[in-house]
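User: I have a model open and want to know what stands behind the labels put on it. Please set each value against its cut-off.

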Amino acid sequence: MSVHRSPFEQLREKFDDSELRCPACGYVDTDGGWRVTASGSRVRYQFVCPTCDAVETRELRLE
């Protein structure tokens, strides 16, 4: 992997390191991670709990 990572990849890695507890059921997904998608001026990070299927979403808007 390149040493030069985009700011979006760095933020996803931060979420992967610290935000893997499901807010709905409390399950900690140590094998999972956040998905990232981009559309126009929006970048969306989503975590789907493998236990209860709850979805946690964080969205950035670029201007």
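Analyst: A contact here means heavy atoms within 4.5 Å. Among contacts in the protein chain between residues at least 6 apart in sequence, 28% join residues at least 24 apart. The model is predicted.

User: What makes up the secondary structure of the protein chain, and which pattern does the chain follow along the sequence?

Analyst: Read along the sequence, they come in the pattern α-β-β-β. The C-alpha atoms fill a box of roughly 35 × 25 × 15 Å along the principal axes. Buried residues make up 17% of the 63 residues. The accessible surface comes to about 4700 Å², and 48% of that surface belongs to carbon and sulfur atoms.

User: How do you know that Arg-42 and Glu-59 form a salt bridge?

Analyst: The cut-off is a side-chain nitrogen of Lys or Arg within 4 Å of a carboxyl oxygen of Asp or Glu. The N to O distance for Arg-42 and Glu-59 is 3.4 Å, so the pair counts as a salt bridge. This pair links distant parts of the chain: Arg-42 is in strand β2 (residues 42-48) and Glu-59 is in strand β3, 17 residues apart.

User: Which other residue forms a salt bridge with Glu-59?

Analyst: Arg-44 does, with the closest N and O atoms 2.7 Å apart. That pair also links distant parts of the chain, with Glu-59 in strand β3 and Arg-44 in strand β2, 15 residues apart. Arg-42, Arg-44, Glu-59 and Arg-61 are linked in a network of salt bridges.

User: Why are Arg-42, Arg-44 and Glu-59 called partly exposed?

Analyst: Buried means under 20% relative accessible area and exposed means over 50%, with partly exposed in between. Arg-42 is at 38% relative accessibility, so it counts as partly exposed. Arg-44 gets the label because its value is 34%. Glu-59, at 30%, therefore counts as partly exposed too.

User: How many salt bridges are there by this rule, and what makes Glu-56 and Arg-58 a pair?

Analyst: The count comes to four salt bridges. Glu-56 and Arg-58 have their closest N and O atoms 3.4 Å apart; the limit is 4 Å, so the pair qualifies. Glu-56 is partly exposed because its relative accessibility is 22%. Arg-58 has a relative accessible area of 27%, so it is also partly exposed.

User: Where is Asp-29 found, and how do you know that it has no salt bridge?

Analyst: Asp-29 is in the loop between α1 (7-18) and β1 (35-39). The nearest side chain of opposite charge, Arg-35, is 10.0 Å away. The limit is 4 Å, so Asp-29 has no salt bridge, although it is buried.

User: What lies around Asp-29 instead?

Analyst: A polar atom of the Asp-29 side chain lies 3.0 Å from the backbone nitrogen of Gly-32. Not counting residues up to four places away in sequence, Asp-29 touches Leu-20, Phe-47 and Pro-50.

Technical notes
Residues numbered from 1 in each chain as written. Predicted model: local features only at pLDDT ≥ 70, side-chain atom pairs only at ≥ 80, totals over all residues. Heavy atoms only, no water. Helix = DSSP H or I, 4+ residues; strand = E, 2+ residues; numbered from the N terminus. Buried < 20%, exposed > 50% of the residue type's maximum accessible area, 1.4 Å probe, protein only. Lys, Arg positive; Asp, Glu negative; His and termini not counted. Polar contact = N/O pair within 3.5 Å; in protein donor to acceptor, adjacent residues only side chain to side chain. Areas by Shrake-Rupley, 256 points an atom, 1.4 Å probe, with all protein chains shown as cover.
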